[in-house]
Every structure is written in structure tokens, then in C-alpha cells.
Amino acid sequence: MTVLALDIGGTKFAVARVGAAGELLDRAEHPVGQAPTATLRGLVADFAGPGLTGVGIGSAGPIDAAAGTVSPINIPRWRGYRLVAAVQRLVPGLPVTLAGDAQCMALGEWWRGGHGCGSLLGVVVSTGVGGGLVIDGRPWTGRTGNAGHIGHVIVDLDGEACVCGARGCLETIAGGPSMVRWALAQGWTLAPATGRPDARALAAAARAGAPIPLAAFQRAAGALATAIVNTASVLDVRDVVIGGGVAAGDLLLDPLRAAIAARAGMPHLRDLRVSSTTLERDAGLYGAAALALLASGAPLRPAP
């Protein structure tokens, strides 16, 4: 049994054929470009063919899984875009399943990441903050497909206005641009010759010991810890996997673990295990493949 996996991001699309045992047979990725629909069509055409039993899609959101539509923030041409219907036209007769990209990251890490767990919260820290849930070995996507979207958990009642319309969302503190904006407001400066003041530069400055960038990561870790402990308190998950371009390894994980320990009161919160993604860029592809396999009734056995 072989399925087609699609990872629809804001800046790149990735595609792979994946076997039922989790073997990634081949993969490719391509920048979204100015014609995202044509990019999608080309990638699917290159990988579709005999022997496929289904298609799984993980997409940047917001999404509406029930309607099969997506509205990735960084792809303005796709507002309410009927992605499932578009893919179905490219692979006639194959079932197509859609979930959020962070949901697929969580599912991929649970299946092939080797975390050895039954339930998992996946968190993607990048331009925004996304999340997904696997509960008792099944993806928990919720009514619209947006369950686990931890980036819009409110962590500061009097905080900054968020692009979603709420105030004090986790994303306003822990998203990469938000961290940079806060650091600049605190007086962080970057020599013009060293490049743009972005999340990559902020991480480099923090690693070099600059106090304001370090404080930005510690502030983000505290906000993440609040959202993670709140989620774990409700759902009783034990394992948390962190990925995304701003995760920056121990620069974020060390203060995050310390902040979680400081906030964990109940016994079932004191043994939360926080780790980095092991699948990195391919986590979403494995998760999308897992969606398609689950939809076909295939059993999934997580890697030990």
C-alpha cells in the first residue's frame, strides 16, 4: 500500500510517496511561486500514478477540513481555496484527506519520530505558532480540523492584539516576528552589515550572549510553557514535541523546560516530556501519509 503525501506550506510545497510501513519512497519540494495552483498541479502530476491508494494533505491554515478548503495566510490567492476538490481532480478515484500542517507534524512525529508515546502535543514555532494533537494513537482534529492550534491560546489577558482578532495570543509573544519586534522595542540593534533583524539573527545574537535576544527567547519560552501546561492540564498528554524554524534547539527548549517545571502544579503535569522534532522538514509529509493510511483503515504502529 502506497499513499501520496502533500505538505502545503506558506513558502514551499512538498510531496512524497510513502509506504504503509512508513518508508519514504521519494520526495520533492518546490517554492510556492506566483502561481500556487500550477505548482500544486505540477508536483502531483510528477508523483501520481498506478499503485496509489489515497492522498493525505497537511496545509497551512486556517483550514476547514469539513469543507475541504484552506486559506494559508502567506498565499493570498488561496482564500477559501477548495484544495481537496482540486487534488481530487488531479487523482480521480482516490480518497483525499485534509488536516492542518501542524496537526500533520504532530501525527508524523507520533508515527515515525520514535517518541514512544500514545498521545502527543506537537507545537510548531515559526512565523506563527501552530499545534496538533494525537490522542490514544489517533489524530484529534476537532469539528473544523483546527484542534490543537495552540498559537491562539490566550496567555496574556492584557497583551498585544493578534491578527486573528483576539488579544494576548501565544503567537503574539512566541512567533518569530513577534519576538523580533519585542527585542527591537527593548533596544536591540543589529549592525547593518550583518543582515536583517529577523528571527535567525535574533537567535544568533542570543547564542552570542546578547541579553535582550536571550530575554526574548526566555519570554517566548514562558508563554509557550503557559499554553502547554494549560493544554496538558485539560488533555492529560505527557509528550510534547517542538519543531519549526524558531525552535532553535536548546536556546528555546532549556528555558521552556524550566518554565514548564515552574508552572506544573498537578502531579500529572510534573512529568511532561518536551523534546525536539526528530523528523524535521519531513514530519508533515509523514503525518499527511498517516492521514491517508488511517482513512483507508490501515493500522499504524509508531516507531519505537
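**Entry 1: helices α6 and α7**

I looked up the crossing of α6 with α7 and found that α6 passes α7 in a left-handed crossing. For handedness I used this rule: a crossing is left-handed if the near helix is turned anticlockwise from the far one by less than a right angle, and right-handed if clockwise. The model is a predicted one, in which local features need pLDDT of at least 70 and side-chain atom pairs count only at pLDDT 80 or more, while totals for chains, interfaces and linings use all residues. Residues are numbered from 1 along each chain as its sequence is written, and side-chain values use heavy atoms, with hydrogens and water left out.

The elements I name are DSSP runs numbered from the N terminus: helices are H or I of at least four residues, strands are E of at least two. The axes of α6 (residues 199-207) and α7 come within 7 Å and cross at roughly 110°, which makes α6 roughly perpendicular to α7. Axes here are lines fitted to C-alpha atoms, for helices over the stretch in contact, and angles run from 0 to 180 degrees between N-to-C directions. Angles under 35 degrees count as roughly parallel, over 145 as roughly antiparallel, 65 to 115 as roughly perpendicular and the rest as oblique.

I then listed the contact, meaning heavy atoms within 4.5 Å. From α6, Leu-202, Ala-203, Ala-205 and Ala-206 meet Pro-213, Leu-214, Ala-216 and Phe-217 of α7. The classes take Ala, Val, Leu, Ile, Met, Phe, Trp, Tyr, Cys and Pro as nonpolar, Asp, Glu, Lys and Arg as charged, and the others, Gly among them, as polar.

**Entry 2: helices α7 and α8**

I turned to α7 (residues 211-235) and α8 (residues 250-263), which pack at an angle of about 45° with their axes 8 Å apart. That angle makes α7 oblique to α8. The crossing of α7 and α8 is right-handed. Among the contact residues of α7 I noted Leu-214, Phe-217, Leu-224 and Ile-228, and among those of α8 Leu-252, Leu-256, Ile-260 and Arg-263. The contact of α7 with α8 divides into 14 nonpolar residues, three polar and one charged.

**Entry 3: the five-stranded sheet**

I traced an open sheet of five strands, with mixed pairing and the order β3-β2-β1-β4-β7. Its edge strands are β3 and β7 (96-100), each pairing on one side only. The twist averages 15° from one strand to the next. I counted strands as paired if DSSP finds at least two bridges between them.

Strand β1 (residues 2-8) and β4 run parallel, joined by six bridges; Leu-6 has Ile-57 in β4 as its bridge partner. Helix α2 (residues 83-90) packs on the sheet, touching β1, β4 and β7, and its direction makes about 145° with that of β7. I also found α9 lying across β1, β2, β3, β4 and β7, at about 135° to β1.

**Entry 4**

Strands β2 (residues 12-19) and β3 (residues 24-31) pair in the antiparallel sense over seven bridges, and Phe-13 has His-30 in β3 as its bridge partner. I found four residues between β2 and β3 in this hairpin, with Gly-22 in the turn at a positive phi of about 95°.

Glu-23 lies in the loop between β2 and β3 and is partly exposed, with a relative accessible area of 36%. On this scale buried means under 20% relative accessible area, exposed over 50%, partly exposed in between (1.4 Å probe, protein chains only). Leaving aside neighbours within four places in sequence, Glu-23 is in contact with Arg-17 and Val-18. Glu-23 and Arg-112 are 89 residues apart in sequence and 9.5 Å apart in space, C-alpha to C-alpha.

**Entry 5: a buried glutamine**

I looked up Gln-103 in helix α3 (residues 101-112) and found it buried, with a relative accessible area of 2%. Beyond neighbours within four places in sequence, the contacts of Gln-103 include Leu-133, Val-134, Trp-140 and Ala-147.

**Entry 6: backbone exceptions**

Most residues other than glycine have a negative phi, and most peptide bonds are trans. I found the bond from Gly-61 to Pro-62 to be cis, with omega near 5°; Pro-62 has its place in the loop between β4 (52-59) and β5 (63-64). Asp-236 has a positive phi near 60° and is found in the loop between α7 and β11 (239-243). Glu-280 has a positive phi of about 50°, sits in the loop between β12 (273-276) and α9 (283-295), and is exposed, with a relative accessible area of 61%.
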